[in-house]
Amino acid sequence: MVLKLHGFTLSTCTRRVAMVLKEKNVPYELVPVDLSKGEHKAAAYTAVQPFGQVPYIVEDDGFTLYESRAIARYVAVKYAAQGEKVLPPLTDVHAFAKFEQAASIELTNFDPFASGIAAERVFKPRRGGVTDEKLVAGYVASLKLKLDAYDVILSKSKYLAGDELTLADLFHIPYGATLKLAGVDVLEDPSRPNVVRWWKEISSRPSWLAVKDGA
């Protein structure tokens with residue numbers, strides 16, 4: 001048996017988990033959840049994931065976990081001895097603190113704006129809705145200011161937590177890739193050369209290329 005990933009193949013968060021599983025060489029089986037049919041809101045699903053969101057995982061021993069970043073951390077720790085190194089050692093307190101700092105940067109200074117843009121420009125039209133361009137403009141303006149700070153950080157280190165890749169960098173990729181679909185190329189703006197260099201490298205990783213079109 002292998003780890004089961006319950007999710008929608010094209011969802012950003014499902015692909016975030018799938019990417020980390022690829023990084024760590026952890027075999028998995030995707031258990032498709034059809035969002036269009038509301039399967040994520042069914043009683044059997046919310047019994048495991050009470051918020052009715054994708055994804056969640058089930059291990060062979062019955063252990064379940066939801067929230068994509070929590071799953072990624074769990075996978076990185078449990079399978080630390082295999083695949084790519086994506087977390088500093090738990091015993092290196094300073095390095096781990098820098099990782100948590102970088103992870104917080106993604107969660108508070110990138111995701112709210114990138115996911116907001118994706119929701120308005122990509123997901124809402126797919127559901128027949130109309131994009132609120134005023135809202136998008138606000139998200140874009142805020143994200144540009146945040147990325148100015150990113151460029152400063154990345155002028156001093158190769159990655160957000162230092163000179164070693166961590167989950168904090170990888171966490172950006174699914175919504176970062178969706179920005180381009182939304183027509184917002186802020187991650188490729190030459191006025192932020194360090195962001196461009198960083199984004200080009202992380203978004204070219206084999207783990208992402210393997211799942212970018214579906215987990």
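The lining of the second largest pocket splits by class into seven nonpolar, one polar and seven charged residues; here Ala, Val, Leu, Ile, Met, Phe, Trp, Tyr, Cys and Pro count as nonpolar, Asp, Glu, Lys and Arg as charged, and the others, Gly among them, as polar. The model is predicted, with local features needing pLDDT of at least 70 and side-chain atom pairs counting only at pLDDT 80 or more, while totals for chains, interfaces and linings use all residues. Residues are numbered from 1 along each chain as its sequence is written, and side-chain values use heavy atoms, with hydrogens and water left out.

That second largest pocket holds about 210 Å³ of space, and of its 15 lining residues Lys85, Pro88, Glu164, Leu165 and Thr166 sit nearest the centre. A pocket is an open set of points on a 1 Å grid over the protein atoms alone, where a 1.4 Å probe fits, with protein on both sides within 12 Å along at least five of seven lines; lining residues have an atom within 4 Å of a point. Volumes are the space filled by probe spheres set on the points, which are joined across faces, edges and corners.

The largest pocket comes to about 1,000 Å³. It has 35 lining residues, with Leu10, Ser11, Thr12, Phe123 and Tyr175 closest to its centre. Helices H1 (12–23), H3 (68–78), H4 (93–126) and H7 (173–181) are the elements that each supply two or more of the lining residues; helices (H or I, at least four residues) and strands (E, at least two) are DSSP runs, numbered from the N terminus. By class, this lining has 14 nonpolar, ten polar and eleven charged residues. The largest pocket lies between domain 1 (3–79) and domain 2 (93–210), because both give residues to its lining; the domain bounds come from an automatic or database assignment.

Residues 1–83 are 33% helix and 19% strand, with end C-alpha atoms 19 Å apart. For residues 92–215 the figures are 69% helix and 0% strand, and the end C-alpha atoms lie 32 Å apart.

A few local details stand out. H4 bends by about 45° at Phe110, with Pro112 following within four residues; the bend is the angle between axes fitted to the seven residues ending there and the seven starting there. Just after H4, Gly128 has a positive phi of about 90°. Asn25, in the loop between H1 and strand E2 (28–32), also takes a positive phi, about 55°, despite not being a glycine. In the loop between helix H2 (43–46) and strand E3 (56–58) sits Pro55, joined to Val54 by a cis peptide bond with omega of about 0°.
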